[in-house]
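Hi,

Here is the structure I promised to pass on.

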Amino acid sequence: MVTSAVRRFLPLLDDVAQDFCRSLRHRVETEGVGETGQRSMTLDPSPDLFRFALEASCHVLYGERIGLFSSSPSEEAERFIWAVERMLATTPPLLYLPPRLLLALRAPLWTQHATAWDHIFSHGASHTHTHTHRLQTLMEAGQLSSELIKANITELMAGGVDTTAVPLQFALFEMARNPGVQERVRAQVLSSWQQASGSPQKALQGAPLLKGTIKETLRLYPVGITVQRYPVRDIVLQNYHVPAGTLVQVCLYPLGRSPEVFERPERFEPSRWSLDAASGGGFRSLAFGFGSRQCVGRRIAENEMQLLLMHHVLLDLRNFRLTVSSTEELNTKYTLILQPESPPRITFTTRSL
């Protein structure tokens, strides 16, 4: 969470974001239609965003690339991404079925889920083993055992893939259907980049609209639709007495779309968050939770998404203009997280600065 940690992992995320952009640009230029220098391609970016999030998470947590953007990923990388995809696909139905029953019946759903997790943990164990000497200080101080380190790193990796890739889908869609916003964000980031001397951290700090784009996306499309807490003592909320130990939920989806909380909530307007920070209204953005129990991967996710947008949409030598064929609202569904019913198809057009 601290600034010094962000400085260490930001270059790793930046490398992956730049590779992702080069890969997509090459695909648009070779497979797209139109004249040279202004090629267009309409596609569903969700599989590519999934691979980006997985590659970025592994690079930060393991300090290694797994090669998901290479023309021929390794067999191990392909098995790993299969395992993560299977784990995510089989989790929602298992939330409503008793594991002991499924285990007793040897249900294929349970078998697939367990096999996927076995491979994910095996992958995590093999990578953390190569960095045992770097983790020795934590273990010797008694802060974390070897098993806890492996478990936490694996959970961070597996839990940070779809929760980053899906918001990026929504962000690209909203920028595509709001060209005025797209151009304002682009202009601010270009100005910031020119003054940042090649430092991605300085570029992000000088472009609050970029962070506002992520916050605005999560306002309209929160990954998790509620934040829950059990108060440790009796409290009074808006004249209601809430006994200690009572489940209290903040419903993020209606909160983000309420005209009582946000002016013109139907509009996608990243600049509202610059004004929000100035007025001290921080608790209107709770997508990552708050306090000591907020999302432990928050800084990774925020910077990962901002860097992808910075390079992918705003800073390539031949950067992209985003458009969509329809500006209608996206229908969403909630399973393990909030996601589109059907992934939006976005047109990527290369353009010279």
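Before the first note, a word on the annotation: UniProt positions are given in the numbering used here, and its annotations may be inferred rather than shown by experiment. Also keep in mind that this is a predicted model.

With that said, the unreviewed UniProt entry puts a "binding site" feature at C295. You'll find C295 in the loop between α13 (272-279) and α14 (298-315). C295 has a relative accessible area of 33%, so it counts as partly exposed.

While we're on cysteines: how many disulfides does the count come to? It comes to 0. C21 is in none, and the nearest cysteine sulfur, that of C58, sits 19 Å away. C21 is also buried, at a relative accessible area of 1%. C251 is in no disulfide either; for C251 the nearest cysteine sulfur belongs to C295, 19 Å away.

Next, helix α8, which runs over residues 162-177. From its first C-alpha to its last, α8 reaches 23 Å, close to the 22 Å expected for its 16 residues. Is α8 mostly covered or mostly open? Mostly covered: 15 of its 16 residues are buried.

R177 pairs with E329 at 3.2 Å, N to O. R177 lies in α8 while E329 is in the loop between β6 (318-323) and β7, so this pair ties together parts that are 152 residues apart in sequence. R177 is buried, at 14% relative accessibility, whereas E329 is partly exposed at 44%.

E76 and R79 meet at 2.8 Å, N to O, and both lie in α3 (residues 75-94), 3 residues apart, or about one turn of the helix. E76 is partly exposed at 28% relative accessibility, and R79 is partly exposed at 37%.

R267 and E269 make one too, with their closest N and O atoms 3.8 Å apart. Here R267 is partly exposed at 37% and E269 is buried at 15%. There is also a network: D19, R22, E55 and R65 are joined by salt bridges that share partners.

Last, the surface. L95, Y96, L97 and L336 form a nonpolar patch there, with about 420 Å² of accessible area together. L336 comes from the loop between β7 (332-334) and β8 (338-340), and is partly exposed at 32%.

Cheers

Conventions: Residues are numbered from 1 along each chain as its sequence is written. This is a predicted model: local features need pLDDT of at least 70, side-chain atom pairs count only at pLDDT 80 or more; totals for chains, interfaces and linings use all residues. Side-chain values use heavy atoms; hydrogens and water are left out. A disulfide is a pair of cysteine sulfur atoms within 2.5 Å. Buried means under 20% relative accessible area, exposed over 50%, partly exposed in between (1.4 Å probe, protein chains only). Helices (H or I, at least four residues) and strands (E, at least two) are DSSP runs, numbered from the N terminus. Patches are made of residues with over 30% relative accessible area and no salt bridge: like charges are joined within 9 Å, nonpolar side chains (Val, Leu, Ile, Met, Phe, Trp, Tyr) within 5 Å. Accessible areas come from the Shrake-Rupley method with a 1.4 Å probe; for residues, only the protein chains shown count as cover. A salt bridge is a side-chain nitrogen of Lys or Arg within 4 Å of a carboxyl oxygen of Asp or Glu. The expected span of a helix is 1.5 Å times one less than its number of residues.
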